[in-house]
Amino acid sequence: MLDLYEEMLQVVRKLEQKKIYYALCGGLAMAVYDVIRATVDIDLLILTQDVEKAMEAMLELGFEFKAQPMTFAGGKIHIYRVTKIDPEANYPLKC
């Protein structure tokens, strides 16, 4: 099972190494303020001009499955997602 804390540390180190500015948001950000809730992902805000560089950095960490971008607020908000599959998990593959 992937360790969310360890994954977050790797992501932060990689973004800092690549000099990509980011802001933590979502469930992990809430935990910083002692509002604990269940979460299984890492949510980050990235500057628009750094999205491609950030996606390349995540590929280096094994986040290899890209979802289609989502757009909200009349095109003012764009969400890009990448996923890392736990190599030790026994997920059934479906076509």
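Modeller: Helices (H or I, at least four residues) and strands (E, at least two) are DSSP runs, numbered from the N terminus. This is a predicted model, in which local features need pLDDT of at least 70, side-chain atom pairs count only at pLDDT 80 or more, and totals for chains, interfaces and linings use all residues. Residues are numbered from 1 along each chain as its sequence is written, and side-chain values use heavy atoms, without hydrogens and water.

Colleague: What makes up the secondary structure of the protein chain?

Modeller: The protein chain has three helices and six strands, in the order α-β-α-β-α-β-β-β-β along the sequence.

Colleague: Why are H1 and H3 called oblique to each other?

Modeller: The axes of H1 (residues 4-17) and H3 (residues 51-60) come within 10 Å and cross at roughly 130°. Angles under 35 degrees count as roughly parallel, over 145 as roughly antiparallel, 65 to 115 as roughly perpendicular and the rest as oblique. H1 and H3 are therefore oblique.

Colleague: Which residues make the contact?

Modeller: Contact means heavy atoms within 4.5 Å. Val 11, Lys 14 and Leu 15 of H1 meet Ala 54, Ala 57, Met 58 and Glu 60 of H3.

Colleague: Which elements each supply at least two residues of the lining of the largest pocket?

Modeller: They are H1, strand S2 (43-46), H3, strand S3 (65-66), strand S5 (77-79) and strand S6 (82-83). On a 1 Å grid over the protein atoms alone, a pocket is an open set of points where a 1.4 Å probe fits, with protein on both sides within 12 Å along at least five of seven lines; lining residues have an atom within 4 Å of a point.

Definitions and conventions:
Axes are lines fitted to C-alpha atoms, for helices over the stretch in contact, and angles run from 0 to 180 degrees between N-to-C directions.
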